[in-house]
Amino acid sequence: MFRYIIWRILVMIPTLVLISMLIFTIIELPPGDYFESYVEQLKAMGEKADLQEIEDLRARYGFDQPEPIRYLNWVASMMTGDFGYSFEYRMPVTDVVGDRVWLTILVSTLTIIITWVLAFPIGVYSATHQYSWGDYGLTLLGLIGLAVPNFVLALVLMYLANIYFGTSIGHLMDAQYMSESMSWAKFKSILEHIWIPVLIIGTAGTAGMVRRLRANLLDELHKQYVMTARAKGLHPFKVLTKYPLRMSLNFFISDIGSILPSIISGAEITAVVLSLETTGPMLIRALQSQDMYLAGSFLMFLSFLTVIGVLISDIALAMFDPRIRLRGGRTK
């Protein structure tokens with residue numbers, strides 16, 4: 001196990017290097033840069049841009065240098081903890097992200113917890129009561145949850161809340177707390193608003209997890225060792241929890257690789273529809289405006305979380321499931 005972990009950590013280094021090259025290349029693919037987009041935006045608004053100031057900014061941040069030099073400077077700065085300057089927001093990247101990261105973590109973590117709390121009992125019930133009325137009803141709800149996109153559900157809830165209750169849902173807090181630092185009043189306002197995006201974002205996740213848990217558990221319950229345990233008179237609850245349920249949870253562990261970055265990125269489209277103060281809309285805006293340092297640093301951080309999540313899930317699977325081995329070999 002120790003040699004495997006060391007080997008995986010060493011493999012992460014070239015993986016992250018290749019990912020950083022790919023991210024930098026993709027960001028540089030569109031013609032021009034942020035400054036050219038900014039000048040065109042000002043012209044469209046009928047305003048004049050200070051071209052000398054823009055040229056000074058280009059020279060200060062190395063946009064007049066060849067792309068390989070800019071890439072090396074970008075990577076070297078990130079390794080020292082400097083994620084660059086956001087031209088869109090006119091402040092360092094770390095200051096731009098600010099509270100948005102913590103709000104995104106709060107929304108995503110609550111969504112994951114509620115998803116798992118709901119998916120476990122529903123999935124187990126559907127598998128152990130196959131083809132019952134309860135299974136059919138839960139299956140129908142699950143298919144509806146999978147079929148309806150999150151942003152469509154957000155639009156429906158916004159419409160219903162406005163028509164029947166006269167309220168406008170959206171944002172993660174009241175307007176007066178937007179620019180204030182964290183306080184008890186602001187935290188209470190966040191708790192009052194957060195259940196709506198958690199409910200919307202968690203709908204598809206819960207439905208998908210129920211379907212996978214049901215399918216995996218049904219596959220395990222029809223295997224020979226379960227039938228043998230039943231024939232020997234083992235208690236049904238013990239038959240369920242001893243091995244079948246445990247073996248059917250592998251996908252929960254393997255999902256860690258995608259859960260970690262999703263905690264930070266959040267549901268981007270739903271966040272745009274609900275005007276949530278999370279990092280998703282900020283990332284989309286940074287990519288649209290070619291805000292290189294903000295978009296690149298954010299995507300690099302998500303890639304790092306993905307690599308770490310995959311490592312954690314692989315180690316946890318090897319410890320959780322005795323059928324999984326860290327290295328293959330022929331058995332006689």
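**Salt bridges, a kinked helix and a nonpolar core**

The side chains of aspartate 219 and lysine 223 form a salt bridge with an N to O distance of 4.0 Å, a salt bridge being a side-chain nitrogen of Lys or Arg within 4 Å of a carboxyl oxygen of Asp or Glu. The model is predicted, so local features need pLDDT of at least 70 and side-chain atom pairs count only at pLDDT 80 or more, whereas totals for chains, interfaces and linings use all residues. Residues are numbered from 1 along each chain as its sequence is written, and side-chain values use heavy atoms, with hydrogens and water left out.

Aspartate 219 is partly exposed at 47% relative accessibility, and lysine 223 is partly exposed at 29%; the term covers values between buried (under 20% relative accessible area) and exposed (over 50%), with a 1.4 Å probe and protein chains only. A network of salt bridges links Asp219, Glu220 and Lys223.

By the same rule, the count is four salt bridges. One of them joins the side chains of aspartate 314 and arginine 8, at 2.6 Å from N to O. This pair links distant parts of the chain, 306 residues apart, with aspartate 314 in helix 16 (residues 292-320) and arginine 8 in helix 1 (residues 2-28). Helices are DSSP runs of H or I with at least four residues, numbered from the N terminus. Arginine 8 is buried, with a relative accessible area of 15%, while aspartate 314 is partly exposed at 24%.

Aspartate 135 and arginine 214 also meet through their side chains in a salt bridge, at 2.8 Å from N to O. Aspartate 135 lies in helix 6 (residues 133-147) and arginine 214 in helix 8 (residues 184-221), so the pair ties together parts 79 residues apart in sequence. Both aspartate 135 and arginine 214 are buried.

Helix 5 (residues 93-128) contains 36 residues and reaches 50 Å from its first C-alpha to its last, close to the expected 52 Å, which is 1.5 Å times one less than the number of residues. A kink of about 35° in helix 5 is centred on aspartate 99; the bend is the angle between axes fitted to the seven residues ending at a residue and the seven starting there.

The largest nonpolar core has 33 residues, of which Phe35, Trp74, Met292, Tyr293 and Leu294 touch the most other members. Such a core is a set of buried Ala, Val, Leu, Ile, Met, Phe, Trp, Tyr and Cys residues joined through side-chain atoms within 4.5 Å. Helix 16 gives the most to this core, with 10 residues.

Key. Helix = DSSP H or I, 4+ residues; strand = E, 2+ residues; numbered from the N terminus.
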